[in-house]
Amino acid sequence: MITVPDAHDADVNVINWNRMEPFICSGGDDGVVKIWDLRQLKSHAALFKHHSGPITSVEWHPTDSGVFGVSGEDNQISLWDLGVETTEPVVIEDQEVPPQLLFIHQGQKEIKELHWHPHIDGLLMSTSLDSFNVFKTISV
């Protein structure tokens, strides 16, 4: 058994295997998403703090090994691309935005989970308190 102690600063809520690369993605009550390289689990390979509430779902894109989606209790879904290599944040309307952040979907309350369509690029579905959404992005 392998254990990663103190993987997040609060409860670890969700985790997902990358089917093409030796990575996993985890999300916690701390609102942080971490990428872990299974070849070196001593520390995370990447950390993203965009959501202002606990993370409720993470899932890797089924055909693009560097893209993943995240949902949070802040009523947002965010899509990320690890292929964007720059580490300098982009400033938009006086707010720093990580360059790896591709897309934000809003409009649902208490989002519980998200899933990519296995065959249609960029098509996602998400569940929430009172609805489910099916939507397609143009960025993936």
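Where is Asp 6 found? Asp 6 sits in the segment before strand S1 (12-17). The structure is a predicted model, and this report walks through its main features.

Asp 6 is not a glycine, yet it has a positive phi of about 55 degrees. Most residues other than glycine have a negative phi. Asp 6 is also exposed, with a relative accessible area of 73%.

Asn 75 is another such case. Its phi is positive, at about 65 degrees, and Asn 75 is not a glycine either. Look for Asn 75 in the loop between S6 and strand S7 (76-81). Its relative accessible area is 27%, so Asn 75 counts as partly exposed.

## A hairpin with an enclosed strand

Strand S5 covers residues 55-60. Strand S6 covers residues 67-72. The two strands form a hairpin, with 6 residues between them. They run antiparallel, and 5 bridges join them. In one of these pairings, Ser 57 has Ser 71 in S6 as its bridge partner.

Is S5 enclosed or open? Strand S5 is largely enclosed by the rest of the structure, because 6 of its 6 residues are buried.

## The nonpolar cores

The largest nonpolar core has 15 residues. Six of them touch the most other members: Cys 25, Val 33, Ile 35, Phe 48, Phe 68 and Val 70. Several strands supply at least two residues each to this core: strand S2 (23-28), strand S3 (32-37), strand S4 (46-49), S5 and S6. The largest share comes from S5, with 3 residues.

There is also a second, separate core of 8 residues. Its members include Ile 77, Ile 111, Leu 114 and Leu 124.

Now return to the largest core and pick out Cys 25. Which residues does Cys 25 contact, leaving aside neighbours within four places in sequence? The contacts are Val 14, Ile 15, Asn 16, Val 33, Lys 34, Ile 35, Val 58, Trp 60 and Phe 68.

## Salt bridges

How many salt bridges does the structure hold? It holds 2. In one, the side chains of Arg 39 and Asp 37 meet at 2.9 Å, N to O. Arg 39 is exposed, with a relative accessible area of 59%. Asp 37 counts as buried, because its relative accessibility is 14% and the cut-off for buried is under 20%.

In the other, the side chains of Lys 112 and Glu 110 meet at 3.8 Å, N to O. Lys 112 is partly exposed, at 44% relative accessibility. Glu 110 is partly exposed too, at 40%.

Met 125 belongs to strand S12 (residues 123-127). Its relative accessibility is 44%, so Met 125 counts as partly exposed.

## Toward the end of the chain

Ile 138 lies in the segment after strand S13 (132-136). Is Ile 138 buried or exposed? It counts as exposed, because its relative accessibility is 89% and exposed means over 50%.

Compare its position with that of Cys 25. Ile 138 and Cys 25 are 113 residues apart along the chain. Their C-alpha atoms are separated by 23 Å.

Key. Residues are numbered from 1 along each chain as its sequence is written. This is a predicted model: local features need pLDDT of at least 70, side-chain atom pairs count only at pLDDT 80 or more; totals for chains, interfaces and linings use all residues. Side-chain values use heavy atoms; hydrogens and water are left out. Helices (H or I, at least four residues) and strands (E, at least two) are DSSP runs, numbered from the N terminus. Buried means under 20% relative accessible area, exposed over 50%, partly exposed in between (1.4 Å probe, protein chains only). Two strands pair if DSSP finds at least two bridges between them. A salt bridge is a side-chain nitrogen of Lys or Arg within 4 Å of a carboxyl oxygen of Asp or Glu. A nonpolar core is a set of buried Ala, Val, Leu, Ile, Met, Phe, Trp, Tyr and Cys residues joined through side-chain atoms within 4.5 Å. Contact means heavy atoms within 4.5 Å.
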